[in-house]
Amino acid sequence: MEPELKHGPGLDKSANPLVKEAGWHLIDGHAELDAKVLELGRTLNVPLPSEANADQRGWIAEMTNAPAGSAEFDRIFANRLHAAHGGVYKFLAVVRTGTRNTLIRDFAKRCMEVVLDHIQVLEATGMVDFNDTEAIPLAAVAAAPASPRRFPLCPRPCRTFPELRTSLSRTRATAPMHCSDSS
Ligand SMILES: [Fe+2]
């Protein structure tokens, strides 16, 4: 483990042992997935983001501004990360069930295991507010289409990751994909 990861979110700033435990799970899981996604990016020749997005920067700022050892910090940590992991988990389910790329399918499966573990340890802190309908977008879940859309990770009708279309076209001959698309 990289030295800086030993001082990750929730470990230094929280006084709550359950939050610290959740922090360790996040560090371990994300270290594993980061290594895997970097390897996949190289294999599939897909550029990956190297900086936090605007939402993530906002959550970090909230946690940074909360007093160390405070319940406020623990609530922000648990609720922001719980909501973020919930969104990722739904996205992973779509990718896991819709892709024909065997590398992505295997990766999505492992991601789902890790993300569910993170959701569970965050819930185990007792700090997640399940009445927060902004963090738990029930309306979005209810509006989900009954029949699954096709999200093939292959060169032609790639809608989930349009940036993969070109790169997969270049790597198709070598990448172990199952792209039997005829559309
Ligand atoms: Fe996570």
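Asn 45 sits in the loop that links helix 1 (17–44) to helix 2, where helices are DSSP runs of H or I with at least four residues and strands are runs of E with at least two, numbered from the N terminus. Asn 45 is not a glycine, yet its phi is positive, at about 55°. Most residues other than glycine have a negative phi. Asn 45 counts as partly exposed because it has 15 C-beta neighbours inside 10 Å; on this scale, 20 or more other C-beta atoms within 10 Å make a residue buried, 12 or fewer make it exposed, and partly exposed lies in between, with C-beta atoms placed from the backbone.

Please keep in mind that this is a predicted model, in which local features need pLDDT of at least 70 and side-chain atom pairs count only at pLDDT 80 or more, while totals for chains, interfaces and linings use all residues. Residues are numbered from 1 along each chain as its sequence is written.

Now for the overall picture. The protein has 6 helices and 0 strands, and reads α-α-α-α-α-α along the sequence. Of its 183 residues, 24% are buried. Among contacts with a separation of 6 or more, 65% join residues 24 or more positions apart; two residues are in contact if their C-beta atoms, placed from the backbone, lie within 7 Å.

Helix 2 is hardly covered, with a count of 0 buried residues among its 12. Helix 2 packs against helix 3 at an angle of about 160°, their axes 8 Å apart; axes are lines fitted to C-alpha atoms, for helices over the stretch in contact, and angles run from 0 to 180 degrees between N-to-C directions. That makes the two helices roughly antiparallel, a label for angles over 145 degrees. Trp 59, Glu 62 and Met 63 of helix 2 meet Phe 73, Ile 76, Phe 77 and Arg 80 of helix 3. By class, this contact has 5 nonpolar, no polar and 2 charged residues, taking Ala, Val, Leu, Ile, Met, Phe, Trp, Tyr, Cys and Pro as nonpolar, Asp, Glu, Lys and Arg as charged, and the others, Gly among them, as polar.

Let us follow helix 3 (residues 71–98) onward to helix 4 (residues 102–123): their axes come within 9 Å and cross at roughly 155°. Helix 3 and helix 4 are therefore roughly antiparallel to each other. Their contact includes His 82, His 85 and Tyr 89 of helix 3, and Met 112, His 118 and Ile 119 of helix 4. It comprises 15 nonpolar, 4 polar and 4 charged residues. Thr 97 is also in helix 3, and counts as exposed because it has 11 C-beta neighbours inside 10 Å.

Among the contact residues are His 25, Leu 33 and Leu 40 of helix 1, together with Phe 107, Val 114 and Val 121 of helix 4. The classes divide into 10 nonpolar, 4 polar and 4 charged.

Conventions:
Parallel < 35°, antiparallel > 145°, perpendicular 65-115°, else oblique.
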